[in-house]
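This briefing collects computed features of the structure shown below. The points are grouped by topic.

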Amino acid sequence: MESEPNNTASGSGNPKEEATLKAPSKDPKTKDDKKDEDLSEEDLALKQQLELYVERAQDADLGLQKFALESMRQEIRTSTSSMTSVPKPLKFLRPHYGTLKSYYETMADSDLKKLLADILSVLALTMSAEGDRESLKYRLLGSEGDIGSWGHEYVRNLAGEIAQEYSKRVNEEATVDDLIELVEQIVAFHMKHNAEPEAVDLLMEVEYLDLLVKHVDKTNYKRTCLYLTSSARYLPGPDDVSVLDIAYTIYSKFEEFPSALQIALYLDNMQHVKQVFTSCPDLLRKKQFCYILARQGISFELDEEMCADDEDKEALQEIINNTKLSEGYLTLARDIEVMEPKSPEDIYKAHLLDGRASAGASVDSARQNLAATFVNAFVNAGFGQDKLMTVTSETSGGGSLGNWLFKNKEHGKASATASLGMIDLWDVDTGLAQLDKYFHSNDNHVTAGALLGVGIVNCGIKNDCDPALALLADYLDKEDSSIRIGAITGLGLAYAGTQNEQIRDKLTPILGDPKAPLDVIAFTSIALGLVYVGSCNEEVAQAIIFALMDRSESDLGEPLTRLLPLGLGLLYLGKQHSVEATAEVSKTFNEKIRKYCDMTLLSCAYAGTGNVLKVQHFLGQCAQHLEKGETFQGPAVLGIAMVAMAEELGLDMAIRSLEHLLQYGEQNIRKAVPLALGLLCISNPKVHVMDTLSRLSHDADTEVAMAAVISLGLIGAGTNNARIAGMLRNLSSYYYKEASLLFCVRIAQGFVHMGKGLLTLAPYHSERFLLSPTALAGLVVLLHACLDMKAIILGKYHYVLYFVVLAMQPRMLLTVDENLKPLAVPVRVGQAVDVVGQAGRPKTITGFQTHSTPVLLAAGDRAELATEKYIPLSPILEGFVILKENPDFREEA
Amino acid sequence: MPTVSVKWQKELYPAVEIDTTQSPYVFKCQLYDLTGVPPERQKIMVKGGILKDDSDWSKLGLKEGQKLMMVGTADVIAKAPEKGPVFMEDLPEEEQVVAVGHSAGLFNLGNTCYMNSTMQCLHSVPELKSALTEYPQSGRSNDLDQSSHLLTVATRDLFNELDKNVKPVAPMQFWMVLRKKYPQFGQLHNGSFMQQDAEECWTQILYTLSQALRSPSTSANLDTVKELFGIDLVSRVHCAESGEESMETETVYSLKCHISHEVNHLHEGLKHGLKSELEKASPSLGRSAVYLKDSRINGLPKYLTIQFVRFFWKRESNQKAKILRKVDYPLELDIFDLCSDDLRKNLEAPRQMLRDEDGRKAGLKLKQKNTSSVDSDVKMSDAEGPSTGSGESSKATLGEAVASDKNVQLTGVYDLVAVLTHKGRSADSGHYVAWVKQENGKWIQFDDDNPIPQREEDITKLSGGGDWHMAYICMYKARTIPM
């Protein structure tokens with residue numbers, strides 16, 4: 001028996017030198033003797049008393065025995081409630097632990113024996129050797145009573161031993177019923193004493209979370225669920241799903257429906273979503289649910305069961321269909337006073353540059369005009385007016401500006417026409433009216449652009465009349481491949497995530513068409529991937545697989561072919577194991593594309609899961625030194641970002657790992673790293689990532705530099721970040737002679753000022769809990785296209801830049817009243833604080849400022865109402881939030 | 001007959017009756033009345049499909065009160081302009097130059113930066129370029145030697161090359177011819193060509209060109225180079241000892257800016273440079289005596305070349321050492337006070353006009369004030385005029401004749417157009433770079449094959465006083481005023 005802890009504990013009442021004197025002493029006997037001398041009188045009395053109890057407990061007289069044990073218990077209980085050092089009774093009983101233990105063995109079964117077991121169980125807390133789990137052992141032998149009375153420390157220790165015992169027993173396939181009984185007691189105790197995380201942890205260890213539902217009450221369910229949802233991120237599947245299921249059940253039980261809905265959406269469980277609708281009787285709250293669904297960007301049809309009244313149902317469906325998004329966005333824009341259209345020159349701010357900017361060249365450069373087209377589209381996105389495209393339509397013909405559309409060359413005209421869709425984003429009526437006349441153009445590129453524009457304007461908006469399908473369907477079989485691509489891509493954007501069967505029936509035949517050119521096939525695959533994103537649809541998967549197998553050897557070498565596996569991958573976006581069957585099939589592909597396909601599928605399937613094993617797998621792939629011409633490491637690097645973007649911790653680790661890849665990786669890895677960084681910090685300009693990208697933007701390798709420039713735009717997308725804007729401005733003068741790089745710089749500038757700073761590209765929303773699959777899909781397509789800049793974005797397929805529209809969302813909080821009209825209320829906006837596992841009611845934001853809604857929310861910001869007058873119907877103040885008047889509110893005089 | 005509501009753009013037409021017995025075309029005409037969109041331009045969306053003119057109403061399954069959506073505008077279809085824009089990417093390379101905004105750089109052929117920078121500076125003189133284009137390929141005049149002729153042709157070709165290209169040019173031919181004409185530039189050191197003094201190169205090339213571009217047809221003194229760069233000086237040579245005084249005239253191609261301890265500014269250096277002492281035999285004293293030579297400018301060139309005398313022969317180290325002293329120079333140089341009295345008188349009228357011009361530019365508000373101040377200026381110079389006015393009238397008329405030829409008047413005000421800088425500690429080492437103002441007003445630093453745009457304010461920072469590039473030769477262009 002080791003006496004060290006004893007020694008130091010007793011030191012509290014004694015001079016220091018004692019401790020130093022005794023430390024070297026080996027003989028416990030002499031030590032004990034000595035110690036007795038040092039004890040105060042009171043302690044000495046206690047010690048003797050306890051020794052007496054121990055002696056009596058072994059007495060033959062049962063009455064005496066009982067009295068002794070009960071007294072002993074009394075002594076221990078009164079002292080264990082606080083536990084900063086080993087309590088005195090325990091300390092004094094230490095030497096007798098062995099005696100009592102051996103005596104216990106000799107006792108006959110009786111209540112007394114149980115009583116002694118109780119005491120032994122407590123004593124084992126400090127006595128038993130590591131791993132013996134004697135505390136648990138005697139607990140199980142003891143009386144089944146109130147364990148809480150022995151104090152927190154005891155319960156905590158017991159919980160730990162249960163976890164170990166449980167795993168051991170499961171391995172031995174022994175019964176665990178007695179343990180569960182104990183667990184139930186412990187959980188009840190923890191839940192009562194604000195120790196929800198401990199309760200949850202224990203239940204997770206013994207895989208019996210269902211028990212939790214019984215024990216949560218109104219006061220602690222929020223903390224419990226918060227802990228459940230945030231710990232779910234770090235759990236391996238399928239545990240995470242079961243944990244979230246419990247959280248869902250608890251939220252439902254307490255009618256915290258918005259949170260329940262969030263979890264249902266996280267699980268992508270439509271059954272749960274329906275249940276939320278059916279179980280909530282309040283129409284206004286249902287409207288709030290619809291806003292939440294609309295933000296997630298999934299298509300959802302209400303039925304009779306969810307809303308009985310037809311009129312109400314229509315109103316709800318309208319919210320889900322996002323038809324009011326444009327209105328809300330413009331309300332925000334008007335409030336912030338940014339309605340005035342901006343020209344590309346306003347963004348370039350060439351006057352701030354010293355004489356370096358190219359001298360107002362007298363000749364138009366097609367590339368620079370194209371860049372201006374994109375910048376104009378991104379900056380004025382959703383505002384319905386700009387200074388290039390919409391102006392000329394009014395002064396058609398002889399304006400001094402000339403018609404901007406025709407200042408673009410060939411495919412540039414397609415992008416220019418499509419930019420009208422971007423400018424009228426979400427405003428289907430106006431957008432279609434603007435685009436209509438271009439359908440009648442005899443220039444194929446213009447028509448193609450108009451088709452694409454229809455898709456863009458309808459992105460994320462559903463309409464009963466399905467105008468996009470009606471307008472685009474006729475063009476799918478046109479001879480000209482640019483028109484076909486326009487129509488196909490348009491459909492993909494407009495119906496992303498809808499799993500619309502009509503679209504599938506129209507698009508799948510194209511994949512099988514032997515006469516269709518490669519680019520048409522590639523974009524069809526992407527469009528199908530978008531429409532069926534995360535659906536694991538077998539039929540579509542088959543169609544794409546066959547299309548891939550049909551490609552000739554030379555086709556497989558084309559950069560565009562790589563979009564085919566990506567389309568396939570999108571079908572399994574975030575669906576983890578479901579991809580395995582398809583991944584097996586992909587192993588039979590031509591070796592030119594096999595590895596690439598494998599990486600793409602895997603990265604898509606585990607996107608947004610934070611699965612550390614997959615990150616390691618991808619890192620392993622990047623460690624290989626490749627034969628020339630292999631390209632699969634690009635998607636592997638992107639895969640790291642896609643998987644790790646799930647939560648902040650993993651994200652930071654991924655950023656560090658990517659730094660290593662930069663140092664040791666080869667060119668094809670290095671050029672993908674900036675893109676991965678861009679995805680990890682999208683619309684969230686972290687300073688150290690900004691610095692890394694800024695450094696890479698001057699890299700000697702052009703492709704790395706281009707990727708870094710684009711990524712600078714991505715991390716600053718929609719933020720108007722002055723530092724990035726300055727960096728890009730300087731880059732524009734640095735690269736003034738290199739047309740390709742300058743083009744990238746311009747695009748990045750367009751990204752940074754996207755929507756004049758009102759938009760975000762982050763696919764994560766609702767306090768970074770939910771991941772919008774369509775948004776992520778759009779970004780992934782763009783990034784894959786950026787893996788081969790020269791062939792795609794700098795070539796004739798620059799309109800893939802418009803895929804970013806899928807991720808574009810206003811980064812706003814717009815509060816509306818019960819009639820869904822905007823309502824200005826004061827809100828506090830500040831940096832979100834992680835309050836998981838914190839006791840009490842901690843502050844959820846820090847460094848806040850008070851604004852009046854509508855307000856902009858930056859990455860990592862959280863808002864809370866600064867007035868008691870209203871009650872928000874959603875706990876998360878993001879996007880559209882309905883406010884209800886607080887009936888208990890009284891105006892202060 | 002079902003009634004439907006039709007949505008068109010932002011408007012909603014609530015109760016439109018459909019006569020299901022008629023073809024949809026009739027319905028479209030109904031909508032035409034409402035919206036003004038011609039039927040052939042109407043696209044009516046019915047459940048994910050477009051209503052065709054010959055569709056069967058019964059198959060569409062219209063419901064009472066159903067919402068239809070119509071897309072269509074009466075707008076004119078945007079027509080491509082008849083003449084599409086020309087894109088830079090489509091232009092042949094020589095035309096892209098215009099768009100780039102500056103001409104090409106010159107490759108360094110091994111310590112030839114002195115030659116490259118000289119050529120870049122001279123290349124910025126359009127008059128020289130046009131004179132060279134007129135230079136005949138074969139018909140050289142008799143008094144010109146073969147190598148000078150070849151050098152002139154090579155210069156012309158090189159200038160053409162520079163204008164035509166965006167990418168850097170290798171001046172091989174020119175380099176060969178230059179070495180042939182002036183073998184000193186072909187000096188080898190350790191097997192490679194030696195760095196040379198840019199000023200020497202500049203002078204030699206200009207000399208050759210002045211020989212070659214002497215127009216044979218007209219009178220002998222019409223010499224293009226002289227007209228462009230020649231500065232007429234009139235000097236009073238005075239001997240303090242004997243009191244002898246004589247006048248001399250000469251033509252130089254550049255003014256020297258002497259750098260001494262007192263010189264901080266170009267103007268002071270120029271004044272120094274115009275005064276010199278020389279020792280020559282005095283006829284009255286019968287021995288050599290010290291004469292003071294005090295020169296003034298009597299005829300202005302279109303391009304004023306100024307050389308900073310930064311190098312001097314340091315005997316102990318046996319090399320051309322460099323004076324690093326900072327000498328400021330302005331972007332706009334007025335050399336009125338260096339002119340002779342005759343020239344001043346001739347310059348007064350154009351200068352007055354120039355001031356008026358500036359005043360007008362400054363804005364209407366200031367006009368009143370300006371005219372009054374200008375008036376007093378005139379009076380002052382008027383009063384000054386007669387007291388100092390004396391000298392050879394023939395010279396003055398000559399200067400006037402040259403200027404009036406082109407109906408423009410020189411004003412004595414010059415704008416900086418090119419700077420040739422040197423970086424390093426001695427003339428035969430270091431690096432020469434040309435900084436040239438382009439026609440569009442932008443400055444370009446021609447660092448051999450690499451043209452880099454620069455800010456105007458950085459150009460004046462090349463004034464020395466450190467180890468940065470410092471001005472060695474400055475070229476100013478005359479500001480003229482049409483008469």
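**Salt bridges**

Over all chains, the structure holds 44 salt bridges. The model is a predicted one.

- In chain A, the side chains of A:Glu659 and A:Arg695 form a salt bridge, with an N to O distance of 3.6 Å. This pair links distant parts of the chain, 36 residues apart: A:Glu659 belongs to helix α38 (residues 648–664) of chain A, and A:Arg695 to helix α41 (residues 687–696) of chain A.
- A:Glu659 has a relative accessibility of 23% and therefore counts as partly exposed.
- A:Arg862 and A:Glu767 are also joined by a salt bridge, and their closest N and O atoms are 2.9 Å apart.
- A network of salt bridges links A:Glu648, A:Asp652, A:Lys686 and A:Arg768.
- In chain B, B:Arg455 forms a salt bridge with B:Asp458, the closest N and O atoms being 3.4 Å apart. B:Arg455 counts as partly exposed at 29% relative accessibility, and B:Asp458 counts as buried at 17%.

**Chain B overall**

- The secondary structure of chain B consists of 14 helices and 21 strands.
- Of the 483 residues in chain B, 43% are buried.
- Among the contacts in chain B with a separation of 6 or more, 67% are between residues 24 or more positions apart.

**A four-stranded sheet in chain B**

- Four strands of chain B form an open sheet in the order β9-β8-β12-β11, with antiparallel pairing. The edges are taken by β9 (245–252) and β11 (275–282) of chain B; each has a single partner strand, so one side of each is left without a neighbour in the sheet. From one strand to the next, the twist averages 35°.
- Strand β8 (residues 231–239) of chain B pairs with β9(B) over eight bridges in the antiparallel sense. Opposite B:Val234 stands B:Thr249 in β9(B).
- Helix α10 (residues 266–274) of chain B lies across β8, β11 and β12 (287–299) of chain B, and runs at about 5° to β11(B).

**A hairpin in chain B**

- Strands β14 (residues 311–314) and β15 (residues 319–322) of chain B pair over four bridges, in the antiparallel sense. B:Trp313 has B:Lys320 in β15(B) as its bridge partner.
- The hairpin formed by β14(B) and β15(B) has four residues between the strands, and B:Asn318 in the turn has a positive phi of about 60°.

**Helix packing in chain A**

- Helix α30 (residues 518–531) and helix α33 (residues 563–571) of chain A have axes that come within 7 Å and cross at roughly 10°. α30(A) is therefore roughly parallel to α33(A).
- The residues of α30(A) that meet α33(A) include A:Ile521, A:Phe523, A:Ile526 and A:Leu530. On the side of α33(A), A:Leu563, A:Gly567 and A:Leu571 are among those that take part.
- A:Ala583 lies in helix α34 (residues 580–586) of chain A and is buried, with a relative accessible area of 9%. The C-alpha atoms of A:Ala583 and A:Gly569 are separated by 9.5 Å, and the two residues are 14 residues apart along the chain.

**A buried asparagine in chain A**

- A:Asn886 is in the segment after β11 (879–885) of chain A. With a relative accessibility of 18%, A:Asn886 counts as buried.
- A polar atom of the A:Asn886 side chain lies 2.9 Å from the backbone oxygen of A:Glu868.
- Leaving out residues up to four places away in sequence, A:Asn886 touches A:Glu868, A:Lys869, A:Tyr870 and A:Ile871.

Definitions and conventions
Residues are numbered from 1 along each chain as its sequence is written. Chains are lettered from A and ligands numbered from 1 in the order in which they are written. This is a predicted model: local features need pLDDT of at least 70, side-chain atom pairs count only at pLDDT 80 or more; totals for chains, interfaces and linings use all residues. Side-chain values use heavy atoms; hydrogens and water are left out. Two strands pair if DSSP finds at least two bridges between them. Helices (H or I, at least four residues) and strands (E, at least two) are DSSP runs, numbered from the N terminus. Axes are lines fitted to C-alpha atoms, for helices over the stretch in contact, and angles run from 0 to 180 degrees between N-to-C directions. Contact means heavy atoms within 4.5 Å. Buried means under 20% relative accessible area, exposed over 50%, partly exposed in between (1.4 Å probe, protein chains only). A polar contact is a pair of N or O atoms within 3.5 Å; within protein, one must be able to donate a hydrogen and the other to accept it, and residues adjacent in sequence count only if both atoms are side-chain atoms. A salt bridge is a side-chain nitrogen of Lys or Arg within 4 Å of a carboxyl oxygen of Asp or Glu. Angles under 35 degrees count as roughly parallel, over 145 as roughly antiparallel, 65 to 115 as roughly perpendicular and the rest as oblique.
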